[in-house]
Amino acid sequence: MFPPPFLQFPQPYGFFPFYGGYAPEMGLSIQVVTAANFEAELDTIAALLRRFPVIAIDTEYPGTVHRPPAGRREGGVTPDERYALVKANVDELPVVRLGITLCDADGNVPLVAGRPCEQRAWEFIFSDFDLLRDRHAPESVAFLRSRGVDFRQAREGGVRSAAFAARLAVVLALARLRGDLAWAAFGGAYDFAYMVKMLSGGQPLPGTWHEFIAQARALLGGRVFDGKYMAEHSGRPDLCGGGLRSVAARLGVPLPNPAPPCLAGPKSHTACGIYTAMRRHFRDLDHGVGWRFMDHDHGACFDGLIDGFH
């Protein structure tokens with residue numbers, strides 16, 4: 001059996017610093033999405049995009065089987081080499097899960113109907129990965145299993161990435177007409193690469209990262225932001241080199257307590273908070289207090305700049 005349709009991660013009652021202000025703590029409910037309900041959930045997302053046009057994503061995949069040459073660390077490769085590794089892995093390995101969180105320009109996230117203190121996010125379970133057939137990194141598969149991923153159930157009841165992408169393309173075709181669509185991730189090279197792979201019908205990724213960025217913009221239909229790249233170029237040394245949870249903590253982005261399993265849905269929610277905090281940070285640098293009354297947004301210059309590719 002798959003997990004319950006909603007996985008709830010309530011936070012204790014109270015208040016926390018929220019991007020420089022104060023807001024009541026929110027719980028987090030993760031909508032589990034399989035072959036049985038993916039069309040209905042994408043219809044829900046389509047309706048919510050009118051009010052919440054920012055799509056924050058995170059993916060889970062079966063590790064990496066193509067790695068830097070011996071003696072070189074992944075952080076020490078050039079952008080071209082980094083992209084070649086991402087392309088080789090994404091071209092060969094299927095996606096396992098996709099997390100989606102929506103928000104508006106102020107960071108507001110949709111609430112669960114009838115639950116005014118619970119925000120919502122989605123976790124799509126895909127059926128493409130076959131543990132017996134496909135290459136994978138054993139340590140990554142073991143990690144996903146330890147977080148509750150059941151690969152057999154996913155094969156039997158998950159949604160095919162091709163069916164998901166076909167339906168999502170229709171949703172995006174309508175959303176892009178409004179002109180306010182944006183995408184966000186944290187350390188999003190693989191996240192955006194898997195989105196491009198799915199939306200292109202499973203075709204190999206483009207040969208260069210310049211071509212990849214162009215295709216990502218064309219297929220996703222909006223601006224593309226990487227919260228990790230923004231954090232590392234924010235002028236704050238404490239945000240450099242940190243992971244998702246550490247950067248979120250340093251920015252005051254709320255995390256569910258108790259922490260949910262480290263999977264795509266909750267991580268997309270955290271990535272959403274980091275993206276919002278960084279946009280506010282750059283607006284504050286430009287204008288100081290009262291930025292929301294200004295029409296310039298320096299954070300927009302990070303459109304299309306992905307950590308590791310630039």
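This is a predicted model: local features need pLDDT of at least 70, side-chain atom pairs count only at pLDDT 80 or more; totals for chains, interfaces and linings use all residues.
View 1. Helix α5 (residues 161-175) supplies the largest share, three residues, with helices being DSSP runs of H or I of at least four residues and strands runs of E of at least two.

**View 2. The buried side of helix α1.** In helix α1 (residues 38-48) the buried residues are F38, E41, L42 and I45, buried meaning under 20% relative accessible area with a 1.4 Å probe, protein chains only. They cover an arc of only 100° around the axis, which puts them on the same side of α1; the arc is that of the directions from the helix axis to the C-beta atoms. Their packing partners are β4 (27-33), β6 (97-103), β8 (115-125) and α5, with contact taken as heavy atoms within 4.5 Å.

**View 3. Strand β8 and its neighbours.** Of the eleven residues of β8, eight are buried. Strands β4 and β8 run parallel and are joined by seven bridges, with F124 as the bridge partner of V33, whereas β6 and β8 run antiparallel with four bridges; two strands pair if DSSP finds at least two bridges between them.

Residues are numbered from 1 along each chain as its sequence is written. Local features need pLDDT of at least 70 and side-chain atom pairs pLDDT 80 or more, while totals for chains, interfaces and linings use all residues, and side-chain values use heavy atoms, leaving out hydrogens and water.

Conventions: Buried means under 20% relative accessible area, exposed over 50%, partly exposed in between (1.4 Å probe, protein chains only).
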